[in-house]
Amino acid sequence: MRVTNSFFNAAGPARCETVYIMPTKGVSRAGYAFAEFEAARYAIRRAFSQPNWDGYKALPIGEETKKNALGALNHLETLTRSPEITSNPNGTLSFEWETNRGFGQLEIGRTRYSFYVQPHNGSPFLDSGEASEINSAVGLLVDALLYPKPSDPVTVSTR
């Protein structure tokens, strides 16, 4: 299995590069998760650093933004699934998750972040703050609301 990054470059043809090649046998879910997070790291490092990368005067993705995004990704790695990474024309990066349970987005910039999770059933959760202060609560919320685990079986005794 090849894990690829999938940044779309509107100013030119779409490119897809191999980031990590998984073995074809004996790979656990943890192995796939590792490959997915490696692809996300690669995408962040390679995010568009040039002005006008989209052909519509987009701002470049700066090194501070990339550093903040890599730090956030480190917090998320053991807590939830790997996000899709998207470059934004305002110079920020977005992490996105979408499941049949809802949608989540974490947008990271040079100094600030904004975050929300919108489950299909229930109220949205919104947060924002300093980009250097993104913590594990983001991953815990994404995992709990978008990737719920089957509940443990309950044993009922009839005496």
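Two residues are in contact when they have heavy atoms within 4.5 Å of each other.

**Figure 1. Overview of the protein chain in a predicted model.** Among contacts between residues at least 6 apart in sequence, 46% join residues at least 24 apart. The secondary structure comes to three helices and seven strands. Along the sequence, these elements follow the pattern β-β-α-α-β-β-β-β-β-α. The protein chain has 159 residues, and 36% of them are buried. It exposes about 9800 Å², of which carbon and sulfur atoms supply 52%.

**Figure 2. The open sheet of five strands.** The strands stand in the order S3-S4-S5-S6-S7, and their pairing is antiparallel. S3 and S7 (125–130) are the edge strands, each of them pairing on one side only. From one strand to the next, the twist averages 15 degrees. Helix H2 (residues 63–76) packs on the sheet and touches S4 and S5. The direction of H2 makes about 35 degrees with that of S4. Helix H3 (residues 136–146) lies across S4, S5, S6 (112–119) and S7, and runs at about 15 degrees to S6. Strands of a sheet pair through backbone hydrogen bonds, either parallel or antiparallel.

**Figure 3. The hairpin of strands S3 and S4.** Five residues lie between the two strands. In the turn, Gly 91 has a positive phi of about 90 degrees. S3 (residues 84–87) and S4 (residues 93–99) pair in the antiparallel sense over four bridges. Ser 87 has Leu 93 in S4 as its bridge partner. In a regular strand the side chains alternate between the two faces of the sheet.

**Figure 4. Glu 96 in strand S4.** Is Glu 96 buried or partly exposed? Glu 96 counts as partly exposed because its relative accessibility is 25%, and the buried class ends under 20%. Leaving aside residues up to four places away in sequence, Glu 96 touches Pro 83, Glu 84, Thr 86, Phe 103, Gly 104 and Gln 105. The side chains of Glu 96 and Gln 105 make a polar contact at 3.3 Å. Glu 96 and Ile 85 are eleven residues apart in sequence, and their C-alpha atoms are 6.6 Å apart.

**Figure 5. Strands S4 and S5 and the largest nonpolar core.** S4 pairs with S5 (residues 102–108) in the antiparallel sense over seven bridges. Phe 95 stands opposite Leu 106 in S5. Which residues touch the most other members of the largest nonpolar core? Of the 24 residues in this core, they are Phe 95, Trp 97 and Leu 106. The elements that give two or more residues to the core are helix H1 (29–45), H2, S4, S5, S6 and H3.

**Figure 6. Asn 68 in helix H2.** Asn 68 has a relative accessible area of 13%, so it is buried. A polar atom of its side chain lies 2.9 Å from the backbone oxygen of Gly 109. Not counting residues up to four places away in sequence, Asn 68 touches Ile 108, Gly 109, Arg 110, Thr 111 and Ala 131.

**Figure 7. Leu 140 in helix H3.** Leu 140 counts as partly exposed because its relative accessibility is 48%, and the exposed class begins over 50%. Leu 140 and Thr 80 are 60 residues apart along the chain, yet their C-alpha atoms are separated by 7.0 Å.

**Figure 8. Asn 52 and Lys 57 in the loop between H1 and H2.** Most residues other than glycine have a negative phi. Asn 52 is not a glycine, but its phi is positive, at about 65 degrees. Lys 57 likewise has a positive phi, near 70 degrees, and is a residue other than glycine. Lys 57 has a relative accessible area of 73%, so it is exposed.

Technical notes
Residues numbered from 1 in each chain as written. Predicted model: local features only at pLDDT ≥ 70, side-chain atom pairs only at ≥ 80, totals over all residues. Heavy atoms only, no water. Pairing = 2+ DSSP bridges. Axes fitted to C-alpha atoms, helices over the stretch in contact; angles between N-to-C directions. Buried < 20%, exposed > 50% of the residue type's maximum accessible area, 1.4 Å probe, protein only. Polar contact = N/O pair within 3.5 Å; in protein donor to acceptor, adjacent residues only side chain to side chain. Areas by Shrake-Rupley, 256 points an atom, 1.4 Å probe, with all protein chains shown as cover. Core = buried A, V, L, I, M, F, W, Y, C linked by side-chain atoms within 4.5 Å.
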